Amino acid sequence: MTTLTHRRTNPIADMLGWLESESAAGAGLMPYVRLEDFVEDDTYVVRAEMPGIDPATDVDIAIDNGVLTIKGERREELHDRQRHELHYGAFSRSINLPAHADVETCAATYKAGVLELRVPLATTAPEPRKITIQNSDG
């Protein structure tokens with residue numbers, strides 16, 4: 001079963017996402033990696049297209065404060081070419097994880113040019129809690 005995950009929008013993050021997107025890369029601004037994400041069976045799944053990458057040496061994945069960052073480099077091979085449409089160089093993509101992601105047990109695999117990260121989700125989202133205000137005026 002697939003479930004949509006809703007995230008709050010942030011204009012700065014949206015702008016940075018555009019700069020990292022296919023539109024910006026297609027304009028020659030930077031190398032990029034295309035992503036898709038979804039929830040499947042209580043697991044948040046992120047897939048990234050990365051053909052021609054050696055995941056053991058060319059990719060670094062980190063999670064910090066609920067933000068997943070994939071960094072890597074597609075190394076250029078020197079050839080006499082007639083056509084040059086592939087993107088080479090360093091890239092980085094960051095996305096916010098769902099609030100109830102279990103980052104301690106996430107796993108990554110690479111198959112057929114696609115990096116897949118699977119992050120288990122807690123069965124229930126954390127409950128909002130009310131915080132009592134202590135009055136120090138007396």
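Which residues does Glu116 touch, not counting residues up to four places away in sequence? Keep that in mind for the first close-up. Everything here comes from a predicted model, in which local features need pLDDT of at least 70, side-chain atom pairs count only at pLDDT 80 or more, and totals for chains, interfaces and linings use all residues. Residues are numbered from 1 along each chain as its sequence is written, and side-chain values use heavy atoms, with hydrogens and water left out.

**View 1. Glu116, a buried acidic residue in a strand.** Glu116 sits in strand 8; helices (H or I, at least four residues) and strands (E, at least two) are DSSP runs, numbered from the N terminus. With a relative accessible area of 18%, Glu116 counts as buried, since buried means under 20% relative accessible area, exposed over 50%, and partly exposed in between (1.4 Å probe, protein chains only). Here's the list: Glu116 touches Val45, Val46, Arg47, Ala107, Ala108 and Thr109, leaving out residues up to four places away in sequence. Contact means heavy atoms within 4.5 Å. The Glu116 side chain also has a polar contact of 3.3 Å with the side chain of Arg118. A polar contact is a pair of N or O atoms within 3.5 Å; within protein, one must be able to donate a hydrogen and the other to accept it, and residues adjacent in sequence count only if both atoms are side-chain atoms.

**View 2. Met50 and the largest nonpolar core.** This core has 18 residues, and Tyr44, Met50, Ile70 and Leu115 touch the most other members. Strand 3 (43–49), strand 5, strand 6 (89–96) and strand 8 (114–120) each give two or more residues to it. By definition, a nonpolar core is a set of buried Ala, Val, Leu, Ile, Met, Phe, Trp, Tyr and Cys residues joined through side-chain atoms within 4.5 Å. Zoom in on Met50 and you'll find Val33, Val59, Ile70, Arg74, Phe91, Tyr110, Gly113 and Leu115 in contact with it, again not counting residues up to four places away in sequence.

**View 3. The hairpin of strand 4 and strand 5.** Strand 4 (residues 59–64) and strand 5 (residues 67–74) run antiparallel and pair over six bridges; two strands pair if DSSP finds at least two bridges between them. Look for Val59 opposite Gly72 and Asp60 opposite Lys71. Two residues separate the strands, and Asn65 in the turn has a positive phi of about 50°. Asn65 is exposed, with a relative accessible area of 75%. On to the next strand: strand 5 pairs with strand 6 in the antiparallel sense over eight bridges, and Glu73 has Ala90 of strand 6 as its bridge partner.

**View 4. Asp58, buried in helix 3.** Asp58 belongs to helix 3 (residues 55–58) and is buried at a relative accessible area of 10%. Its side chain makes a polar contact of 3.3 Å with that of Thr57. Neighbours within four places in sequence aside, Asp58 is in contact with Ile53, Lys71, Gly72, Glu73 and Arg75.

**View 5. Asp41, a loop residue with a positive phi.** Most residues other than glycine have a negative phi. Asp41 has a phi near 50°. You'll find Asp41 in the loop between strand 2 (35–40) and strand 3, exposed with a relative accessible area of 56%.
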